[in-house]
Amino acid sequence: MSQRRVQIVILCEDRQKEVFARYFLKKRGFNGTIRPLPCPDGSQSAEQYVRLHYPKEVKAYRSKAMYLSIGLVVVIDANKKTVQERLKQLDDALIEDSQQVRQPDEAIAIFVPKRNIETWIHYLQGETVDEETEYAKFSKNEAACKPYVENLVNQCYQGLDNNAPPSLQVACGELERILPLLE
């Protein structure tokens, strides 16, 4: 019996989000192919890059989802917006591209850290955080987040603490969309 080939595309703003998402998926047991699509350095606004490429990647996902085990993971910072405002921007990008908004049965998970991914990483390091402060980046040392991503994997199994950032709690709900691909 042959094993099914599973692929997940990670559309994200930068290398930090790619490392975070890739390591999380691997620690959750995903052993399929991961195709990262981070914003090229210095090419444009990273958030804009994700919004502009999202419709194209959703279209590609939908064209293959009927015959392949495939998923799309999107990681885009909320920055000063709310998680809901950022999700609406992505829905609007699909509508502008004459596509339906994301459907509940689609393996398209959107993770929106508020303010940015570093908020989550600092929380996972045991710090008390808020979603308005801009936390220090791990420039040129993106892999430093790996031990803390492991903490998140464990917390996702057992449930997040009440003091977890609200955007991280929303993200754990988004995880349900791709869990079948991780099994």
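Contact here means heavy atoms within 4.5 Å, and among contacts in the chain between residues at least 6 apart in sequence, 70% join residues at least 24 apart. The model is predicted, so that local features need a pLDDT of at least 70 and side-chain atom pairs count only at pLDDT 80 or more, while totals for chains, interfaces and linings use all residues. Residues are numbered from 1 along each chain as its sequence is written, and side-chain values use heavy atoms, with hydrogens and water left out.

**Overall architecture**

- The secondary structure of the chain comes to 7 helices and 4 strands, where helices (H or I, at least four residues) and strands (E, at least two) are DSSP runs numbered from the N terminus.
- Read from the N terminus on, the order of these elements is β-α-β-α-β-α-β-α-α-α-α.
- The radius of gyration of the chain is 16 Å, which agrees with the value near 16 Å for a compact globule of 183 residues; this radius is taken over C-alpha atoms, and the globule rule is 2.2 Å times the number of residues to the power 0.38.
- Along its principal axes, the C-alpha trace spans about 45 × 40 × 30 Å.

**Confidence**

- The average pLDDT of the chain is 92, and 97% of the residues score at least 70; pLDDT is the predictor's confidence in each residue, from 0 to 100.
- Among the elements, the lowest mean pLDDT (85) belongs to helix H7 (residues 179-182), whereas strand E4 (residues 108-111) has the highest (98).

**Surface and charge**

- Of the 183 residues in the chain, 50% are buried, with buried meaning under 20% relative accessible area, exposed over 50%, and partly exposed in between (1.4 Å probe, protein chains only).
- The accessible surface comes to about 9500 Å², and carbon and sulfur atoms account for 48% of it; such areas come from the Shrake-Rupley method with a 1.4 Å probe, and for residues only the protein chains shown count as cover.
- The chain carries 25 positive and 26 negative side chains, and the centres of the two sets lie 6 Å apart; Lys and Arg count as positive and Asp and Glu as negative, while His and the chain ends are not counted, and the place of a charge is taken as NZ of Lys, CZ of Arg, CG of Asp or CD of Glu.

**Two buried positions**

- Leu-25 is found in helix H1 (residues 15-27) and is buried, with a relative accessible area of 3%.
- Not counting residues up to four places away in sequence, Leu-25 touches Ile-8, Ile-10, Phe-30, Ile-34, Ile-178 and Leu-182; the C-alpha atoms of Leu-25 and Val-153 are 8.9 Å apart in space, although these residues are 128 apart in sequence.
- Gly-71 has its place in strand E3 and counts as buried at 1% relative accessibility.
- With neighbours within four places in sequence left aside, Gly-71 is in contact with Gln-7, Ile-8, Val-9, Tyr-61, Ala-107 and Leu-181; from Gly-71 to Val-9 the C-alpha separation is 6.3 Å, across 62 residues of sequence.

**A partly exposed helix position**

- Gln-169 has its place in helix H6 (residues 166-175) and counts as partly exposed at 36% relative accessibility.
- Leaving out residues up to four places away in sequence, Gln-169 touches Leu-160, Asp-161, Asn-162 and Ala-164, while the C-alpha atoms of Gln-169 and Arg-102, 67 residues apart along the chain, are separated by 20 Å.

**Backbone features in loops**

- The peptide bond from Lys-114 to Arg-115 is cis, with omega near -20 degrees, and Arg-115 lies in the loop between E4 and helix H4 (117-124).
- Asn-79, in the loop between strand E3 (69-75) and helix H3 (83-96), has a positive phi of about 55 degrees although it is not a glycine, and Asn-79 is partly exposed, with a relative accessible area of 29%.
- Ser-98 is placed in the loop between H3 and E4; its phi is near 60 degrees, a positive value in a residue other than glycine, and Ser-98 is exposed, with a relative accessible area of 71%.
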